[in-house]
Amino acid sequence: MRTILITGPGGSGRTTVAAATALEAARRGTRTLVLSADRTDTLGAVLGTPTGGTPAGILPGLTAWRPDAGEGFRADLLAFQERVSTALDLLGAARLDAEELTPLPGGEELALLRALRDATASDTFDLLVVDLPPVPQALALLALPEQLRRYLRRLLPAERQAARALRPVLGRLAGVPMPSERLYETAARWDVELAAVQLAVEDPATTVRLVAEPGPAGADAVRSAATGLALRGLRTDALIANRVLPDASPDTWLSSLAAQQRKALDEWRDAWGQTHDVTEVPHLGRDPRGAEDLAALPVPAPGDAPGPLEWPVADRLADEGVLVWHIPLPGAIREELDLVRRGDELVVTAGQFRRIVALPSALRRCAVDGASLREGELRVRFAPDPDLWPRTR
């Protein structure tokens with residue numbers, strides 16, 4: 001399945017562009033599902049048809065779904081109560097009823113991840129368009145499966161399950177209770193579910209479309225978003241310049257604003273034009289509502305996904321005695337970069353974004369020898385450790 005993730009600065013019209021993209025794909029004969037996590041039905045307002053917790057057909061070939069975070073939370077908590085009912089009874093705890101359960105903060109985002117996993121595992125659709133929150137929240141959401149899986153591996157390593165039969169003996173010898181088998185089984189189930197979401201996000205057919213209004217604020221937001229997306233290894237296939245004003249206007253204020261937008265558009269084409277599509281979507285003079293308004297927006301049709309975003313390791317051992325890890329970070333600022341080597345991992349911080357990545361096997365036997373930022377690419381130098389690097393005769 002081809003997946004397009006739509007994000008951008010707050011108030012940039014992300015939901016409108018997501019709906020228009022899905023509608024354009026459906027009109028071309030592609031079975032399309034558009035997902036949204038908004039608590040309010042912004043997607044339904046744009047489409048002109050209410051959306052909800054059950055996938056519903058909007059037009060031929062187009063289905064919309066706004067997962068109900070409250071329903072999923074209630075179902076999960078009630079199921080948990082059933083699994084631990086014996087312990088609750090022994091403690092004399094009063095069980096919670098479904099009617100008194102309300103979703104916790106962040107429930108919408110978690111419901112969206114679960115819906116993304118379910119949709120990509122289905123063969124009902126050919127294209128999935130996901131209306132994500134603004135960029136910082138979207139990146140935190142997309143990073144969640146990888147981060148939680150890392151926490152699980154650190155807290156409950158899978159290799160420690162091998163001694164299940166010895167666990168009672170080990171507990172008596174150590175004098176402390178050992179983790180129960182149910183705990184490991186639960187962690188394994190969570191890992192499988194998180195891996196499915198992570199696989200959907202990192203799939204080669206998954207790309208991101210950035211939506212922003214051209215202007216100084218939009219330019220800063222796009223630069224920051226490009227850095228954060230690249231750090232997460234996500235590929236951007238298009239930049240949508242939304243609500244572009246006409247160049248010619250008798251109104252002095254509007255013509256000044258249009259000139260400001262044109263300057264930002266020229267800068268975006270210089271910076272992005274070689275590798276990404278920069279599409280102008282004109283301002284309709286009103287908030288788009290319904291299929292007719294959405295069809296008037298010239299959003300690009302979903303094409304083939306671009307090539308993968310690679311982090312290659314260059315062999316410079318013969319000339320410089322080092323290996324160089326090339327990490328693309330477009331828009332990154334040198335003063336906002338930070339690197340920390342931690343065992344077999346590298347902690348990379350770029351502005352407000354951070355990611356912990358596992359080192360390629362060859363680099364684990366090396367020490368960090370320096371780093372530089374050139375032409376939107378972080379280049380980390382690694383010198384072989386004589387005690388770990390294989391010797392040649």
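**Strands, helices and a kink**

Colleague: In S5, which residue is the bridge partner of Thr32?

Modeller: This is a predicted model, where local features need pLDDT of at least 70 and side-chain atom pairs count only at pLDDT 80 or more, while totals for chains, interfaces and linings use all residues. Residues are numbered from 1 along each chain as its sequence is written, and side-chain values use heavy atoms, with hydrogens and water left out. S2 and S5 pair in the parallel sense over five bridges (two strands pair if DSSP finds at least two bridges between them). In S5, the partner of Thr32 is Leu127.

Colleague: And in S5, what is the bridge partner of Ile4?

Modeller: S1 and S5 run parallel and are joined by five bridges. Across that pairing, Ile4 has as its partner in S5 Val129.

Colleague: How many of the residues of S5 are buried?

Modeller: "Buried" is under 20% relative accessible area, "exposed" is over 50%, and "partly exposed" is in between (1.4 Å probe, protein chains only). In a regular strand the side chains alternate between the two faces of the sheet. In S5, Leu127, Val129 and Asp131 are buried on one side, and Leu128 and Val130 are buried on the other. S5 is largely enclosed by the rest of the structure, because the buried count is five of the five residues.

Colleague: In what order do the eight strands of the open sheet come?

Modeller: Strand S3 (56-59) and strand S8 (277-282) are the edge strands, each pairing on one side only. The twist averages 25° from one strand to the next; axes are lines fitted to C-alpha atoms, for helices over the stretch in contact, with angles from 0 to 180 degrees between N-to-C directions. The pairing is mixed, and the order is S3-S4-S2-S5-S1-S6-S7-S8.

Colleague: What is the bridge partner of Leu210 in S7?

Modeller: Strand S6 (residues 206-212) and strand S7 (residues 236-244) run parallel, joined by five bridges. Leu210 is also among the residues with the most contacts inside the largest nonpolar core, which has 55 residues (a nonpolar core is a set of buried Ala, Val, Leu, Ile, Met, Phe, Trp, Tyr and Cys residues joined through side-chain atoms within 4.5 Å). Its bridge partner in S7 is Leu239.

Colleague: How many helices and strands are there in the protein?

Modeller: Both come from DSSP runs, numbered from the N terminus: H or I of at least four residues for helices, E of at least two for strands. The protein has 393 residues, and 41% of them count as buried. The tally is twelve helices and 15 strands.

Colleague: There's also an open sheet of three strands; which strands stand at its edges?

Modeller: The order is S11-S12-S13, with antiparallel pairing. Two of these strands have a single partner strand each, so one side of each is left without a neighbour in the sheet: strand S11 (337-342) and strand S13 (353-358).

Colleague: What angle does the direction of helix H6 make with that of S13?

Modeller: Helix H6 (residues 135-155) packs on the sheet, touching S11, S12 and S13; contact means heavy atoms within 4.5 Å. Its buried residues include Val135, Leu139, Leu142 and Arg149. The angle between H6 and S13 is about 40°.

Colleague: Where in H6 does the kink lie?

Modeller: The bend at a residue is the angle between axes fitted to the seven residues ending there and the seven starting there. In H6 the kink is about 45°, shortly before the proline Pro145. The residue is Leu144.

Colleague: Which residues is Ser224 in contact with, leaving aside its neighbours within four places in sequence?

Modeller: Ser224 has its place in helix H9, which lies across S12 and S13 and runs at about 20° to S13. Ser224 is buried, with a relative accessible area of 17%. Its contacts beyond those neighbours are Gln352 and Phe353.

Colleague: Is Glu375 buried or exposed?

Modeller: Glu375 sits in the loop between strand S14 (366-374) and strand S15 (377-384). Its phi is positive, near 50°, in a residue other than glycine. With a relative accessible area of 81%, Glu375 is exposed.

Colleague: What is the phi of Arg243?

Modeller: Arg243 lies in strand S7. At 26% relative accessibility, it counts as partly exposed. Although Arg243 is not a glycine, its phi is positive, at about 60°.
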